[in-house]
Amino acid sequence: MKKKLIFLAAVMTLVAVLCSCSSENSISVKEKHVRMKKDESYTIKVKQTKEEDLTWSSNDESVVVVSPEGTVSAVGNGITTVTARGEKAYVHVGVIVDGNGDYTDKDGNLVRVRNEKSDITEIVVGVRAGGKNDVTLASGKSYQLIAYITPSDSKDAIEWECDKKDVVRVDKDGNLQVIGKGKAVVSAYAPNGVKGELIVRCK
């Protein structure tokens, strides 16, 4: 009988440990992205498997600001991301204010659809100083980006973007300025959505 009680106690302890391990919070939202007009407000509804206080933030407060309760207020035109973060879990919601974007990438960032006609089928991105796809550049210097397109005689315009504006900045003509240290990805888009990327490592 004593052995049975000891075994039962061990099993109950194991169950308690397993339950505590599986009690980590999961956060989800119904909306992958929301569309708003300037001066509108919208409260994002969050579902949690374990109730806890969330910290809200806006990736660009010139576009939207967000209250501690998750109410988003549109203050300017643009596209940005709002994040609800718990102790270990988080969720992103893309926000468009008077914009044309309509899908969210794997990191939760809202991306504008490019679905115009174009004959471009491939883009490879490099710098005039030399190098394609993956380059190491010096901080504080400027470089000219090059989009090698197929077919090479296409007259369609290329749009430039970068994911880390605190590391590099790129203008509409492909002029790249390195302003910090770290790694960034510069993207060149054709009107039809064909994309080329350049990994920029800044030292």
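Which loop holds Pro151? Select the stretch between strand E14 (142-150) and strand E15 (159-162): Pro151 lies in the loop that links them. This is a predicted model. Show the backbone there and check omega between Thr150 and Pro151, which is about 0 degrees, a cis peptide bond.

Zoom out to the whole protein. Its secondary structure comes to 1 helix and 19 strands. Of the 203 residues, 34% count as buried. The accessible surface is about 13,000 Å², and carbon and sulfur atoms account for 51% of that area. Take the contacts between residues at least 6 apart in sequence: 52% of them join residues at least 24 apart.

Next, select E3, E7 and E6. These 3 strands form an open sheet in the order E3-E7-E6, with antiparallel pairing. Strand E3 (41-43) and strand E6 (64-66) are the edges; each has a single partner strand, so one side of each has no neighbour in the sheet. From one strand to the next, the twist averages 20 degrees. Now keep E6 and strand E7 (residues 71-74) on screen: 3 bridges join this antiparallel pair. Val65 stands opposite Ser73 in E7.

Move to the loop between strand E2 (33-36) and E3, and pick Asp39. Its phi is near 80 degrees, a positive value in a residue other than glycine. Asp39 is exposed, with 67% relative accessible area.

The last stop is Asn133, in the loop between strand E12 (122-127) and strand E13 (134-137). Here phi is near 70 degrees, again positive in a residue other than glycine. Asn133 is partly exposed, at 44% relative accessibility. Most residues other than glycine have a negative phi.

Conventions. Residues numbered from 1 in each chain as written. Predicted model: local features only at pLDDT ≥ 70, side-chain atom pairs only at ≥ 80, totals over all residues. Heavy atoms only, no water. Pairing = 2+ DSSP bridges. Helix = DSSP H or I, 4+ residues; strand = E, 2+ residues; numbered from the N terminus. Axes fitted to C-alpha atoms, helices over the stretch in contact; angles between N-to-C directions. Buried < 20%, exposed > 50% of the residue type's maximum accessible area, 1.4 Å probe, protein only. Contact = heavy atoms within 4.5 Å. Areas by Shrake-Rupley, 256 points an atom, 1.4 Å probe, with all protein chains shown as cover.
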